[in-house]
Amino acid sequence: MKKWRHLLVVLTIMLSCASALGDDDFDDEMQVRRWALLGDTQAQNMLGLLYLDSEESMQNRQEAAYWLEQAADQGHAGAQANLGVMYLMGEGEEADEAQAFRLFRRAATQGMASAQLALGYMYATGKGVEINHEEAVFWYQQAAQQGNASAQHHLALAYQDGEGVDKNGELAAHWEGLAADQGLSTAQFQMGLRYLHGDGVTPDMMTGYAYLLKASMKVGSMAMDSRELVSNDLTSEQIAEIRGDSRYWKAPL
């Protein structure tokens, strides 16, 4: 389950797709509702998300599902993905993994990266469909090529474990590195270990320590313990250099 924990978090925060109207066209909730009643799919999707994300007094899972379904039926990929999350998690609707799978697939075939990631997850775990690691890899690849960091990480795991694709440590390191460079802490931790052990990359103690230092800022004790273990093999000058460079790292995504 730990392998999928990060992905489950990602699925709960999917973003919507754009339509004819942009976010600037909606100044308040009443305007969103007005456009939604007129049939605008972006407004319907936004109204559904408002019912999900608002303060407790306005939260209404059934209303959220209703408006997301209105937009999803008109082909709005973001609404399809968001409604898929609701069916997967049992939010406002009785949990229905098969329906979640169908909704994710509709959004994924429109090119929505987060839905492609979700579809890969469904195939990999057998939720709503029979387990098919080859299909999982295909959809992770689609999302990874669009720059989705979580998909890049799970594609790296597939290459590392040889699930749905031939085992390939170098390709695993390639995709993990792309995810790590986007600030995904789990990928940073994995890259730190790869550089320590020369797994798919040329061994480099300093680079490994740098990745573990980045990861330890976000993921906690496991990365910190590994970092401290590595520091025993580095000079104080090398550690100071890496920590000095850390001031210029991008803020976590």
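Me: Why is Tyr 195 called buried?

Reply: Tyr 195 has a relative accessible area of 19%. The cut-off for buried is under 20%, so Tyr 195 falls in that class. The model is a predicted one.

Me: What makes Tyr 211 a buried residue?

Reply: The relative accessible area of Tyr 211 is 11%. This is under 20%, and Tyr 211 is therefore counted as buried.

Me: How many aromatic pairs does a search of the whole structure find?

Reply: The search gives 4 aromatic pairs. One of them joins Phe 138 and Trp 139, whose ring centres are 4.9 Å apart and whose planes stand at 85°.

Me: Why is the pair of Phe 138 and Trp 139 called edge-to-face?

Reply: Rings pair if their centres lie within 6.5 Å, and planes over 60 degrees apart count as edge-to-face. With centres 4.9 Å apart and planes at 85°, Phe 138 and Trp 139 meet both conditions, so the pair is edge-to-face.

Me: What makes the pair of Tyr 195 and Tyr 211 stacked?

Reply: The ring centres of Tyr 195 and Tyr 211 are 5.9 Å apart, with 15° between the planes. Planes under 30 degrees apart count as stacked, so this pair qualifies. The pair links distant parts of the chain: Tyr 195 lies in helix α11 (residues 185-197) and Tyr 211 in helix α12 (residues 205-219), 16 residues apart.

Me: How do you know that the span of helix α3 agrees with its number of residues?

Reply: Helix α3 (residues 41-53) has 13 residues, which at 1.5 Å a residue should span 18 Å. The expected span uses one less than the number of residues. The end C-alpha atoms are 18 Å apart, so the two values agree.

Me: What makes α3 mostly covered?

Reply: In α3, 11 of the 13 residues are buried, including Met 46, Leu 47, Leu 49 and Leu 52. The buried residues of α3 pack against α2 (29-37), α4 (61-73) and α5 (77-89). At the start of α3, a side-chain oxygen of Asp 40 comes to within 3.1 Å of the backbone nitrogen of Gln 42.

Me: What share of the chain is made up of buried residues?

Reply: Of the 253 residues in the chain, 47% are buried. The chain contains 14 helices and 0 strands.

How values were computed:
Residues numbered from 1 in each chain as written. Predicted model: local features only at pLDDT ≥ 70, side-chain atom pairs only at ≥ 80, totals over all residues. Heavy atoms only, no water. Helix = DSSP H or I, 4+ residues; strand = E, 2+ residues; numbered from the N terminus. Buried < 20%, exposed > 50% of the residue type's maximum accessible area, 1.4 Å probe, protein only. Contact = heavy atoms within 4.5 Å. Polar contact = N/O pair within 3.5 Å; in protein donor to acceptor, adjacent residues only side chain to side chain. Phe/Tyr/Trp six-rings, centres within 6.5 Å; stacked < 30°, edge-to-face > 60°.
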